[in-house]
Amino acid sequence: MTDQISVESVTGVDLTLQIAGPGTRSYAFVIDWHIRLLLAGAWLLIAYYVFDIALTVKSAAGFLSILPATIVYFLYHPILEVALRGSTPGKRMAGVRIVSRDGGPPGTSALLIRNIFRLIDSLPAAYMLGLVCCFVTANRVRVGDMAAGTLLVLDNAAAERSLQRIEALATGSQLSLDALELVDQVLERWDSLESASRIQIARTLLRRLDPGADAGALDALADANLRAMLQAHLNSNTAAAHV
Amino acid sequence: MSDAPYIRQWLVAHAAAWRGVVQRVAALRMQRNATVDEALGAVEAYRGLARDLATARRVAPNSRMTSGLESLYGHLHGVINRRPRGGMAALRVLFADEIPRAAYELRARIASMGLLMALSALAGWWLVTTFPTLISLFASDDMIEHVEQGHLWTEGIINVMPSSILSIGILANNIVVSILAFCAGIFLALGTLYLIAMNGLMLGAAFAFVHQHGLARALFEFIAAHGPVELSVICIAGAMGVALGESIIRPTLESRRDSFQACAHRIAPLLLLCALLLVGCGFIEGFVSPDPRFPMVSRITIGAAYWLIMWILMSGRLFRVHARR
């Protein structure tokens, strides 16, 4: 079950935000951590192998080589979150974004406060305190989020894209919206489902879409034929609202 | 009679408008500024989308159509509620109003932290004067060895490392200490109080130790230029940490979380000034403090002038005068 909160809107229709849990949050962090580690590491490798600079803080060249890598590593989050209004590459890949408690994008000061408190969230090691906070707080927030008044929410961009797909399907089909979405989802996930499972699902669906169909004939149909029949139903102009 | 065909018809009838909203949101999210017409158009689309979402939630609550509309509504809400980028005007407000307001609010706590640091320094002085072996608790073996040989550990430091590099290392360290003093306030201010007391103890102990070896004047000469602002900034960060802790212990709003959040937002601008001041301190500590060519008078003048600048910046007078002109 996903945690969600409602935010009041001037339209009178509340905005529903799906809160990202500790798992999604950690996933985004790990992606970002790899990105900044790779960037900083790449910089140091170039300095060492291409420019032949000894990587030590005791020489000016060495220090100036280490400095950009350190900046990339430690200022990655504050700089990118401010520039991308509450997002980072890792958060985008994990499908989450930072929002303020009113559902809008967070301000610069809120993002900076959120990042300053990483110092506390990372105590005693490996973001332990922050992770524990995410497990025990109502909105799954770490200390930095509490101080800044921000939330990490799921950014369901795929759902937005699916609007166009549903529109196209609804225009060309006479199936009810529920049936349409169900058949479309089964077809979309067809290749990822196990053969026995998808055959069973397809037969059940087809029996409900077309109650008059011969059950024996359906049982005799192979995997590919069942898929083709579902596809035909999706594009059919015959009303079938039994699902 | 099933209303399924009507839902599908309704979807098909509204889909074009939703497609328009998707494009509008994508365009507005890319733009830095929007025209009045674009803003009004977005508000109108927001109203329309709210109506459609309310209908979708009622007629098809668990459908992909509804979750698509929820997502679109959320993005449009974000675009409409986007805060303007302030630019120079926001910076002026920060330095003329927000920082002075935070400094004024914290004035009693800043004085308390100064007092705590002074008392801790006296305690450190007394401890090392009474029990000289205790210096090993406050200073590294390398530092103790240097002083016992009659030299400060800071002597010749610029021969080992260029001033610019030294400055960056010092300012980074000082900024981390200040941020830590601020953030440690979340532990009911105990973390902050510990940090300030430890800094004071170390300072007093170091002075007592170098005094025993006749190097107190040399250490004073070293810290005269950067010390006043550096120590003041640590006290200010400590005062901010104490305020944070107090906001949790004695909340002024409905909940402790709200009180903590409001306090962090109110006083955080002062942390920015602290960081800027510490950048200046870092450069003074890298270029002026270890350089023997600077006489004591110059060091004291630099230290006093920088300290005065710090108070002027905290009062906000400089920016208010500028704004009046």
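# A tour of chains A and B

Start on chain B: select Arg299(B), Gly303(B), Met310(B) and Met314(B), the buried residues of helix 14 of chain B. Buried means 20 or more other C-beta atoms within 10 Å of a residue's own, exposed means 12 or fewer, and partly exposed lies in between, with C-beta atoms placed from the backbone. These four cover an arc of only 40 degrees around the axis, which puts them on the same side of helix 14 of chain B. The arc is taken over the directions from the helix axis to the C-beta atoms.

A word on the model. It is predicted: local features need pLDDT of at least 70, side-chain atom pairs count only at pLDDT 80 or more, and totals for chains, interfaces and linings use all residues. Residues are numbered from 1 along each chain as its sequence is written, while chains are lettered from A and ligands numbered from 1 in the order in which they are written.

**Helix 14 of chain B**

Select residues 296–315 of chain B. This is helix 14, with 20 residues; its first and last C-alpha lie 29 Å apart, close to the 28 Å expected at 1.5 Å a residue. The expected span is 1.5 Å times one less than the number of residues. Helices here are DSSP runs (H or I, at least four residues), numbered from the N terminus.

Turn to the other side of the helix: Val297(B), Leu308(B) and Ile312(B) are exposed there. Next, show the partners of the buried residues. They pack against helix 4 (87–105), helix 11 (216–223), helix 12 (227–249) and helix 13 (256–287) of chain B. Step just past the helix to Gly316(B), where phi is positive, about 80 degrees.

**Between helix 9 and helix 10 of chain B**

Select Leu188(B), in the loop between helix 9 and helix 10 (190–212) of chain B. Its phi is positive, about 50 degrees, although it is not a glycine. Most residues other than glycine have a negative phi, and most peptide bonds are trans. Leu188(B) counts as partly exposed because it has 15 C-beta neighbours inside 10 Å.

Ala189(B) has 21 C-beta neighbours inside 10 Å, so it counts as buried.

**Where the chains meet**

Show both chains. 45 residues of chain B are in contact with 41 residues of chain A; contact means C-beta atoms, placed from the backbone, within 7 Å. On the side of chain B, helix 1 (4–30), helix 2 (36–59), helix 3 (64–80), helix 9 (163–183) and helix 13 each give two or more residues. Helix 3 of chain B gives the most, 11 residues.

**Chain A**

Go to the loop between helix 5 (118–121) and helix 6 (128–136) of chain A, and select Pro124(A). A cis peptide bond joins it to Leu123(A), with omega about -15 degrees.

Move to Ala54(A), in the loop between helix 1 (22–50) and helix 2 (60–83) of chain A. Ala54(A) is exposed, with 11 other C-beta atoms within 10 Å. Leaving aside neighbours within four places in sequence, Ala54(A) is in contact with Ser59(A) and Gly62(A).

Finish by colouring chain A by pLDDT, the predictor's confidence in each residue from 0 to 100. The mean for chain A is 87, and 96% of its residues reach 70 or more. Confidence is lowest in helix 8 (residues 157–172) of chain A, at a mean of 78, and highest in helix 7 (residues 143–148) of chain A, at 96.

Technical notes: Two residues are in contact if their C-beta atoms, placed from the backbone, lie within 7 Å.
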